[in-house]
Amino acid sequence: MEDWPKHKAEMPYGQVPVLEVDGEFLPQSNAIYRFLGRQFGYAGETEIEAAQVDMIGDLFQDYFNEYREYFTVAVGFTQGDKEFLFNSVMVPARNKMLRYLSNILRSNGTGFLVGKSVTYADLLLSIHTAGMEGIAPGFSNDFPRILEHRERIESIPQLKEYLAHRPFAPF
C-alpha cells in the first residue's frame, strides 16, 4: 500500500478499483454494474426487478460515500486513526445499510435481494461483506441474514469455483 502514490498516476481515473473489459478500462460506477448486470442476465427478470436492483446499486454508492474515510485509512491509502474511524464512521454506516438489506432479504423471502434469482445487487452485497471481513474480521457477525445470503451466493457453483482459484487481493 505504501507504493500506491506512485501507481495512482498509472490508473486511468487515478483511483481503484478499475474494471477492464476487452482491454478497455471502465470506471467503477453503478452504470457499469447496471450494464454488466443487463449484459449477463443479473439485472432482474422484469423491469420492476431491474429498477429494484438499480436502487440497491445506488444505495451501495451512497453507502460507500458514507464509509469512504474509514476505508481509505483501513487499506492504507490515507493516514488516520483506523479504530476511531471504524467506530465513528464505518459502524453507523454498516449498521444502517446491513439492517436495511436484511429487511429486504426478509421481505423478499427467496434468499435473494430481488426476485427469485441472483442479481448484481446480490453480488455487490456478497463481494462487499467478503472484502470487509478481510479488513475487519467479524464485520457481518451481527447480521445473520447477511451471513446466510453470502453463503448462498458463494455456493453458486460457478462462483464457488472462481472463488476457490481467484488471485489474492487485499480487499
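Biologist: On what basis are the values computed?

Modeller: This is a predicted model, in which local features need pLDDT of at least 70 and side-chain atom pairs count only at pLDDT 80 or more, while totals for chains, interfaces and linings use all residues. Residues are numbered from 1 along each chain as its sequence is written, and side-chain values use heavy atoms, leaving out hydrogens and water.

Biologist: In what order do the elements of the chain run from the N terminus on?

Modeller: Helices (H or I, at least four residues) and strands (E, at least two) are DSSP runs, numbered from the N terminus. The chain has seven helices and two strands. From the N terminus on, their order is α-β-β-α-α-α-α-α-α.

Biologist: What percentage of the residues of the chain count as buried?

Modeller: Buried means under 20% relative accessible area, exposed over 50%, and partly exposed in between, with a 1.4 Å probe and protein chains only. Of the 171 residues, the buried share is 37%.

Biologist: What share of the contacts with a separation of 6 or more comes from residues 24 or more positions apart?

Modeller: Contact means heavy atoms within 4.5 Å. Among contacts in the chain with a separation of 6 or more, residues 24 or more positions apart account for 57%.

Biologist: How far apart are the end C-alpha atoms of helix α5?

Modeller: The expected span of a helix is 1.5 Å times one less than its number of residues. Helix α5 comprises 16 residues (120–135), so it should span 22 Å. The end C-alpha atoms agree with this, being apart by 22 Å.

Biologist: How many residues of α5 are buried?

Modeller: The buried residues of α5 include Tyr120, Asp122, Leu125, His128 and Glu133. α5 is mostly covered, the buried count among its 16 residues being 12.

Biologist: Are α3 and α5 roughly parallel or roughly antiparallel?

Modeller: Axes are lines fitted to C-alpha atoms, for helices over the stretch in contact, and angles run from 0 to 180 degrees between N-to-C directions. Angles under 35 degrees count as roughly parallel, over 145 as roughly antiparallel, 65 to 115 as roughly perpendicular and the rest as oblique. Helix α3 (residues 47–74) packs against α5 at about 15 degrees, with the axes 10 Å apart. The two helices are therefore roughly parallel.

Biologist: How many nonpolar residues are in the contact of α3 with α5?

Modeller: Ala, Val, Leu, Ile, Met, Phe, Trp, Tyr, Cys and Pro count as nonpolar, Asp, Glu, Lys and Arg as charged, and the others, Gly among them, as polar. Residues of α3 including Val53, Phe60 and Tyr67 meet residues of α5 including Leu124, His128 and Met132. In the contact of α3 with α5, two residues are polar and one is charged, and the nonpolar residues number 14.

Biologist: How many charged residues are in the contact of α3 with α4?

Modeller: α3 and helix α4 (residues 82–108) pack at about 165 degrees, with their axes 8 Å apart. That makes α3 roughly antiparallel to α4. The contact involves, among others, Leu59, Glu66 and Glu69 of α3 and Lys82, Arg94 and Lys96 of α4. By class, the contact of α3 with α4 has 18 nonpolar residues and no polar ones, while the charged residues number five.

Biologist: Which class of angle describes α5 and α6?

Modeller: The axes of α5 and α6 come within 9 Å and cross at roughly 110 degrees. The helices are therefore roughly perpendicular.

Biologist: Is His149 buried or exposed?

Modeller: His149 is found in helix α6 (residues 144–154). Leaving out residues up to four places away in sequence, His149 touches Leu105, Gly111, Phe112, Leu113, Asp122 and Leu125. Because its relative accessibility is 1%, His149 counts as buried.

Biologist: Which residues does Thr119 touch, not counting residues up to four places away in sequence?

Modeller: Thr119 lies in the loop between α4 and α5. Thr119 has a relative accessible area of 1% and is buried. With residues up to four places away in sequence not counted, Thr119 touches Tyr42, Gly44, Val53 and Val114.

Biologist: How far apart in space are Asn65 and Ala93, C-alpha to C-alpha?

Modeller: Asn65 is placed in helix α3 and is partly exposed, with a relative accessible area of 41%. Asn65 and Ala93 are 28 residues apart in sequence, and their C-alpha to C-alpha distance is 9.5 Å.
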